[in-house]
Amino acid sequence: MSFRLFLLCSFVLLGRPQDILPFLQPLRPALFLTVLAVGAMVFGARRQELSAALSTSEAKRYLLFYLIMIVGIPFAYHRRVAFESVFEGYVVNMLFFVLVISQVTSLQRLKSLVWVICLCTVTYSVFGGLLQAEDVRGGRVNLVGRMFDPNDTALLLVSLFPLCLYFLRFDEGLLKRLVAVAAIVGAIAVILQTGSRGGILGFGAVLLILLLMKAGGIGKSYKWLIVVMFVSTLLFFRDTIDVARYLTLTDISSDYNLSSKGGRLELWQAAIDLSFANPITGVGVNCYTWAHYLARAAAGESYLRYHAIHNSYLQISAEMGLIGFGIFMFIIVRSYSTFLRMGRIQVQPETREISEMRALGGFMLLGFMGLLVSGFFLSQGYSLLFTLYFGLAAAVGRLQGSSSVWYSSSQEASLSFAKADRNTRLTEVDVRDTEARIRLTEVKELTAELATDGTGSRAGSAGAPSRH
């Protein structure tokens, strides 16, 4: 029951049906289901599993990251904003992380979560994007609900759609394969129509890694299928894609972000200055906008505007200080290495379970790379997507230490047989070694007796036959 509540909670948090169905918003389904799922786990029969999950090093690092947020509240430039962001906003991320690491305890559960993510992708892209054509403004898709702007929408879909490739790679039923195809095509279509240059760079990174490497065990036939899906989507939606906006990436020197007031280059430099000015606690969670405004006002600047930082990493650095930034980057590096190691599993005998785990590791690595690249251009340091991949890395890290994940019962039996066969062979070697030692001893005794008989025959009668 608690696991089903967790899956429903994941769907609401990632797929956001409340944006498509506005009548759900007053019910606060995301917060309600998150609290309900945590309560079912705490007061259910999984408290021991929760305790074991929280005792892992990955969970301790993430808890420390959250603790630094709390410690920085009294020193924030806007304490009320920081308090609400930590205890009303990011607390959902914290609870979701705990749910992921404590509920994903087997390969089957991991596959169930990936299926829910696939449903989230098709819900948000097809039902929230392609079927909301009236919300296309200024040549850029703006989904209903206004929870995300076009850039955030692109980051969400770039991070999630690679996991849908699992249902193309393995036969999990015709329905799941069709849903996965719809999710991938819908995600690509919406990403292209958002006009997000950060999103298209993240999508390009995912596509490049997918085509040039063997991530997820995708073969040439599947790679050609993905290329055909991409080209077909591009041609079908070519009239609604702002190609000119993407072409500005070829002429970065004239971009307003490099030269204009309020451009990203200036905002990034201001974030670096604030990081070194507040290295311990930062300026407070979600307080960069306020801190940057006050810094410009104190400097006597005439151009005063509230600007977001548009960089997830500098956002963490400025708002949480250099210590929080160091922990954040360490978690990213460890998560990346976990997905990379999982995608390179080499265990014999090669079985479906092992292939599935290796493929899931490769697809998680693709989605994580899309998130890292797109996040470089957006203020999404506290995004639930980072929490999702941090939780997945911690969960699969625990799974890698469990033999029951890698082997089915039949495989365990074959391993037991192999061990028994090895022990039998070692016993046979010991027996042969013992027999050789006995024969050597007999030879030595016989040699000694021959030497004695030879001496006696020379001393006795010449006609007495020797023992030899």
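This is a predicted model: local features need pLDDT of at least 70, side-chain atom pairs count only at pLDDT 80 or more; totals for chains, interfaces and linings use all residues.

Reply: We can begin with aspartate 152, which, leaving aside its neighbours within four places in sequence, is in contact with Leu378 and Gln380. The place of this aspartate 152 is in helix H8, which covers residues 150-160.

Me: Why is aspartate 152 said to have no salt bridge?

Reply: A salt bridge needs a side-chain nitrogen of Lys or Arg within 4 Å of a carboxyl oxygen of Asp or Glu. For aspartate 152, which is buried, the nearest side chain of opposite charge is that of arginine 264, and it is 8.8 Å away.

Me: Why is phenylalanine 203 called buried?

Reply: The word buried is kept for residues under 20% relative accessible area. Phenylalanine 203 has 5% relative accessibility, and therefore it counts as buried. Its place is in helix H11, residues 197-212, and, not counting residues up to four places away in sequence, phenylalanine 203 touches Val158, Phe161, Ile188, Ile191 and Phe230. From C-alpha to C-alpha, phenylalanine 203 and leucine 371 are 9.2 Å apart in space, although 168 residues separate them in sequence.

Me: What makes arginine 80 and glutamate 84 a salt bridge?

Reply: The distance from N to O between their side chains is 3.4 Å, and the limit for a salt bridge is 4 Å, so the pair of arginine 80 and glutamate 84 meets the rule. The two residues are four apart in helix H6 (residues 79-103), which means that about one helical turn separates them.

Me: Why is arginine 80 called exposed, and why is glutamate 84 called partly exposed?

Reply: Exposed means over 50% relative accessible area, and partly exposed lies between the buried limit of 20% and that value. Arginine 80, at 51%, is therefore exposed, whereas glutamate 84, at 33%, counts as partly exposed.

Me: How do you know that glutamate 172 and arginine 352 form a salt bridge?

Reply: The closest N and O atoms of glutamate 172 and arginine 352 are 3.0 Å apart, which is to be set against the limit of 4 Å. Glutamate 172 lies in the loop between helix H9 (166-169) and helix H10 (174-194), while arginine 352 lies in helix H18 (residues 352-375), so the pair ties together parts that are 180 residues apart in sequence. Glutamate 172 has a relative accessible area of 23% and is partly exposed, and arginine 352, with 40%, is partly exposed too.

Me: What makes arginine 296 buried, and what is said of glutamate 266?

Reply: With a relative accessible area of 7%, arginine 296 is buried, since the limit is under 20%; glutamate 266, at 22%, counts as partly exposed. The side chains of arginine 296 and glutamate 266 meet in a salt bridge, with 2.2 Å from N to O. This pair links distant parts of the chain, with arginine 296 in helix H16 (residues 288-298) and glutamate 266 in helix H15 (residues 264-277), 30 residues apart.

Me: How many salt bridges does a search of the whole structure find?

Reply: The search finds six.

Me: What makes the lining of the second largest cavity nonpolar?

Reply: This cavity, with a volume of about 40 Å³, is lined by Phe161, Ile188, Phe203, Val206, Leu207, Leu210 and Ile226. Phe, Ile, Val and Leu are among the residues that count as nonpolar, and by class the lining has seven nonpolar, no polar and no charged residues. Helix H11 gives the largest share, four residues.

Me: How does the lining of the largest cavity divide by class?

Reply: The lining of the largest cavity divides into six nonpolar, two polar and three charged residues. Glu58, Arg61 and Arg334 are among the residues that line it, and Glu and Arg count as charged. The largest cavity holds about 100 Å³ of space, and helix H17 gives the largest share of its lining, four residues.

Definitions and conventions: Residues are numbered from 1 along each chain as its sequence is written. Side-chain values use heavy atoms; hydrogens and water are left out. Buried means under 20% relative accessible area, exposed over 50%, partly exposed in between (1.4 Å probe, protein chains only). Lys and Arg count as positive and Asp and Glu as negative; His and the chain ends are not counted. Contact means heavy atoms within 4.5 Å. On a 1 Å grid over the protein atoms alone, a cavity is a set of points where a 1.4 Å probe fits but cannot get out, and a pocket is an open set with protein on both sides within 12 Å along at least five of seven lines; lining residues have an atom within 4 Å of a point. Grid points are joined across faces, edges and corners, and a volume is the space filled by probe spheres set on the points.
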